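I open this notebook to record what I looked up in the structure, entry by entry. Each entry keeps to one topic.

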Amino acid sequence: MDAGLIPKYFPEITAEQQSQFNQLAELYNHWNQQINVISRKDMDLLYERHVLHSLGIAKVMGFLPGEKVLDVGTGGGFPGIPLAIMFPETSFHLVDSIGKKIKVVSEVASAIGLKNLEATHSRAEQIPGKFDFVVSRAVTQLKDFYPWVKGKFNNKSKNTLPNGILYLKGGDLKQEIAESGLAVQQYFLKNYFEEEFFETKQVIYVKG
């Protein structure tokens, strides 16, 4: 597992952030043996396929201090935990409908000292409050995902993109986008990361 991938693409991170990223390997190894949150074959590629993939969102847009971000269907904490490390002054709320996965999220966040992250065992529709952005990683089709979160955005936008969804997806998305009826912007991660894994990976942006 190569934590060096992170400073390769984000040379601006602090020593503390690098330390937090470094700790993820041992923590996920430990928890994955008890609760399978990452496929076994992916554990050796944790930094490429999970951490750096999550940080593809950070290449598209930097979250601002004080912004609130909801991670829907976070699973074991992706993309929320890497983004919370990267943006320590932004608030992240990670939700998943599977309680044991949220337990892993809470334990990992606590172990690395993340103060800007809240984890809740819940469905997205049941989370109160408004957010600046919603992030997620391939939870479901766009047409099904959008109704879960469409009422959850703050009206006032402060960032380079208006408040909305930043969704990590892979493959040929023409049909999925067409079926959603949504106006989207596609950001191809192969433009930011050279590893072959990112060849078909994208961040899909939808205005909230």
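Entry 1. The model is predicted: local features need pLDDT of at least 70 and side-chain atom pairs count only at pLDDT 80 or more, while totals for chains, interfaces and linings use all residues. Residues are numbered from 1 along each chain as its sequence is written, and side-chain values use heavy atoms, with hydrogens and water left out.

I noted that β2 covers residues 91-96 and β3 residues 117-121, and that the two pair in the parallel sense over 5 bridges. Strands pair here if DSSP finds at least two bridges between them. Helices (H or I, at least four residues) and strands (E, at least two) are DSSP runs, numbered from the N terminus. With helix α6 (residues 99-111), β2 and β3 make a right-handed β-α-β unit. Right-handed means that, with the strands pointing away from the viewer, the path from the first strand over the helix to the second runs clockwise.

**Entry 2. Strand β1.** I then turned to β1 (residues 68-72), where 4 of the 5 residues are buried, so the strand is largely enclosed by the rest of the structure. Buried means under 20% relative accessible area, exposed over 50%, and partly exposed in between (1.4 Å probe, protein chains only).

Which strands pair with β1? β2 runs parallel to β1 and is joined to it by 5 bridges, and β4 (residues 133-137) pairs with β1 in the parallel sense over 3 bridges. A right-handed β-α-β unit is made by β1, helix α5 (residues 80-86) and β2.

**Entry 3. The loop between β1 and α5.** I checked Pro79, which is found in this loop; the peptide bond from Phe78 to Pro79 is cis, with omega near 10°. Gly76 lies in the loop between β1 and α5 as well.

Is Gly76 buried or exposed? Gly76 has a relative accessible area of 5% and is buried. Apart from neighbours within four places in sequence, Gly76 is in contact (heavy atoms within 4.5 Å) with Tyr28, Val37, Ile81, Val104 and Val105. From Gly76 to Leu94 I read 9.7 Å, C-alpha to C-alpha, across 18 residues in sequence.

Entry 4. Ala138 is in the loop between β4 and α7 (142-149). Ala138 is not a glycine, yet has a positive phi of about 50°. I noted a relative accessible area of 48% for Ala138, which is partly exposed.

**Entry 5. The nonpolar cores.** A nonpolar core is a set of buried Ala, Val, Leu, Ile, Met, Phe, Trp, Tyr and Cys residues joined through side-chain atoms within 4.5 Å. The largest has 55 residues, and those with the most contacts inside it are Phe10, Leu24, Tyr28, Phe63, Ile81 and Leu166. Helix α2 (residues 15-34) gives the most to this core, with 6 residues. I also found a second, separate core of 18 residues, which includes Leu70, Val72, Val149 and Leu182.

I listed what Leu24 touches, not counting residues up to four places away in sequence: Leu46, Tyr47, Val51, Ile81, Ile85, Val108 and Ile112. In helix α3 (residues 46-54), 8 of the 9 residues are buried, so the helix is largely enclosed by the rest of the structure. Among the buried residues of α3 are Leu46, Tyr47 and Val51.

**Entry 6. Aromatic rings.** I found 9 aromatic pairs in the structure. Rings of Phe, Tyr and Trp (its six-membered ring) pair if their centres lie within 6.5 Å; planes under 30 degrees apart count as stacked, over 60 as edge-to-face and the rest as tilted. Tyr9 and Phe193 form an edge-to-face pair, 4.8 Å centre to centre with 70° between the planes.

Why does this pair tie together parts that are 184 residues apart in sequence? Tyr9 lies in helix α1 (residues 5-9), whereas Phe193 lies in the loop between β6 (184-188) and β7 (201-207). Phe193 is buried at 2% relative accessible area, and Tyr9 is buried at 10%.

The rings of Phe193 and Phe198 have centres 4.8 Å apart and planes at 55°, so that pair is tilted. Phe198 is buried, at 0% relative accessibility. Ring pairs link Tyr9, Phe193, Phe197 and Phe198 into a cluster.

**Entry 7. Charges over rings.** A charge sits over a ring if NZ of Lys or CZ of Arg is within 6 Å of the ring centre and within 35 degrees of the ring normal. I found Lys201 over the face of Phe197, at 4.3 Å from the ring centre. Lys68 lies over the face of Phe131, at 5.4 Å from the ring centre.
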